Amino acid sequence: IHRLDESVVNRIAAGEVIQRPVSAIKELVENSLDAHSTSINVVVKDGGLKLIQVSDDGHGIRREDLPILCERHTTSKLTNYEDLQSIKSMGFRGEALASMTYVGHVTVTTITPGKLHGSGVSYRDGVMEDEPKPCAAVKGTQIMVENLFYNMIARRKTFQNSSDDYSKIVDLLSRFAIHHINVSFSCRKHGASRADVHSVSRLDSIRSVYGVSVALNLMKIEVPDSDPSSSVFNMDGLISNSNYVAKKTTMVLFINDRLVECTALKRAIEIVYAATLPKASKPFIYMSIVLPPEHVDVNVHPTKREVRIQMVRTDASDPAGRLHAYLQARPVDNLEGNSSLAAVRSSVRQRRNPKESADISSVQELVNDIDGNCHSGLLDIVRNCTYIGMADDVFALLQYKTQLYLANVVNLSKELMYQQVLRRFAHFNVIQLSDPAPLRLLIMLALKEEDLDLESNENEDLREKIAEMNTELLKDKAELLEEYFCIYIDSHGNLSRLPVILDQYTPDMDRIPEFVLSLGNDVDWEDEKNCFQTIAAAVGNFYAIHPPLLPSPSGDGLQFYRRELEHELLSEAETAWAQREWSIQHVLFPSMRLFLKPPTSMATNGTFVQVASLEKLYKIFERC
């Protein structure tokens, strides 16, 4: 073991802090913001490799500070480590400028208020090349970085496309412009007369970079801190509505005015949007969150790209260690409010801690039955197969080693959903229907679809009686259905909530009538184990992937038009309800972190196979 030369250490450290030209610009812009600038101008040449020039109108740098300006770990932002707990400035380590001098040629021109002239000085390897020289200067500071990565040949070769790096720089400046509406930002290529970023307002900044379609389809969101004595959380922003269509999520996130990334939050928002947006469409989100500085750890990433929230609020009244300080306990006016809050808390806890599941022996027996009948050969096939495509509406082609298999997607999905219900027993996320659905009408629709004699109404009274009996039965079992399966039926016999079996997957809502009828007819309500098993099977069948109802060329598919004909048998009220477009209002309790369950087993026609990756199987279903 030997001690590295200091120049080698500094160059290695510089390569970590300044990863590409946009990293240098981010550090310089944040320094300008810390200097209380109201105007920040960026000029770039060759994607930032030949020239980066950042000019601001901030308070400038004192002449006596220039000798140590670019030394490592010199800063004006803090003195003690404890200062990090209340830090409000963007920079604090004193590494950025020093790093730039180890991988580029840095020149600083600055003037402070009240001075007759400015000072100019060049730096290399963390030290001044000459003494500061008097020079003409405008208010603030101008920093030029030339020949970036001139001494890192391998790194420089990775930046072949200067336009790609410039687009990253434009995106960065646009994000700053969206948030800091009181600061004027501009960005242009060297020699160009027109700026590619020129901030006027928040919407203009969004429109100029992300397009007119984004700006026209934004909604304002806000959670104000109206009572500072009881809350120290503030959030506002802009999010796209359901008319906006994009292939990729764009999230501009600021926490305490710091531009950061948060994968968990982004994923949670995508889950909520997935229930309402067209398939494969992604949202645009601008969000600004304000928290007490002492609750945000900013010293977790070399480029300060991420922060860590030090406490996670799962209950406002929990002991120290949770974010109990964010909210004070307030009396709830009615029992329903208490019940709802308790349900939310329980759901969040259980979704974050899957092991804390309901301790019901019959459910555990059902899970053990699945795990104990695993077929090792099929397990290996499902674990290591490659999806080829759909052979028809039911069978998918899967390749395993040199063999090709036909897999019944319908049966596989039924079994997968059934097992998911048992694995998530009593701890589901919830889908809220846009309009409560009357059970009686749903059951009537299902019964009429099953009736083969379309010309006769002799069984109408019988159908009415069956619908009424099943409605009363399900109303009587509503408490059990809600507690263990998150199927909510109100006292008037209306269905308004359904469980989420797979995250980001929504069932075919046209099959709700069949599902409700199955709950009434097929469930064994007397025996606990059989009851849970048959309900799980009914839910699994409802959520499973089913082939589209299309007629075959031979004419045998005429039966699939039956639904269209049966509308004529419905009363006017029933027809209006049946033709109503289903939509999902929102998803309750979205999990901030997504975890795949431990390996589960899957039964197909009596043969069981251990599913190694639910995520892989879900991707197969999604492509189907």
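The following dialogue explains how to read several features of this predicted model.

User: How many helices and strands does the chain have, and what share of the residues is buried?

Analyst: The secondary structure comes to 20 helices and 25 strands. Of the 624 residues in the chain, 46% are buried. The accessible surface is about 32600 Å², and carbon and sulfur atoms hold 50% of that area.

User: What share of the contacts with a separation of 6 or more joins residues 24 or more positions apart?

Analyst: Such pairs account for 68% of the contacts in the chain that have a separation of 6 or more.

User: How should I read a salt bridge within a helix, with Glu30 and Lys26 of H2 as the case?

Analyst: Side chains of opposite charge can pair when their charged atoms come close. An α-helix has 3.6 residues a turn, so residues three or four places apart point the same way. In this structure, the side chains of Glu30 and Lys26 meet in a salt bridge with an N to O distance of 2.8 Å. Because Glu30 and Lys26 are 4 residues apart in helix H2, about one helical turn separates them.

User: Are Glu30 and Lys26 buried or exposed?

Analyst: Glu30 counts as buried because its relative accessibility is 1%. Lys26 also counts as buried, at 12% relative accessibility.

User: Helix H2 also holds Ser32. Is Ser32 buried or exposed, and what does its side chain meet in a polar contact?

Analyst: Ser32 has a relative accessible area of 2% and is therefore buried. Its side chain is joined to that of Asp56 by a polar contact of 2.7 Å. Apart from neighbours within four places in sequence, Ser32 is in contact with Ser37, Ile40, Val54 and Asp56.

User: How many salt bridges are counted, and which residues form some of the others?

Analyst: The count comes to 18 salt bridges. Among them is the pair Arg124 and Glu129, whose side chains meet at 3.6 Å, N to O. Arg124 is partly exposed at 34% relative accessibility, and Glu129 is partly exposed with a relative accessible area of 43%. Another salt bridge joins Glu514 and Arg511, with the closest N and O atoms 3.4 Å apart. Here Glu514 is partly exposed, at 36%, whereas Arg511 is buried, at 13%. Salt bridges may also share partners: Arg62, Glu64 and Asp65 are joined in this way into one network.

How values were computed:
Residues numbered from 1 in each chain as written. Predicted model: local features only at pLDDT ≥ 70, side-chain atom pairs only at ≥ 80, totals over all residues. Heavy atoms only, no water. Helix = DSSP H or I, 4+ residues; strand = E, 2+ residues; numbered from the N terminus. Buried < 20%, exposed > 50% of the residue type's maximum accessible area, 1.4 Å probe, protein only. Polar contact = N/O pair within 3.5 Å; in protein donor to acceptor, adjacent residues only side chain to side chain. Contact = heavy atoms within 4.5 Å. Areas by Shrake-Rupley, 256 points an atom, 1.4 Å probe, with all protein chains shown as cover. Salt bridge = Lys/Arg side-chain N within 4 Å of Asp/Glu carboxyl O.
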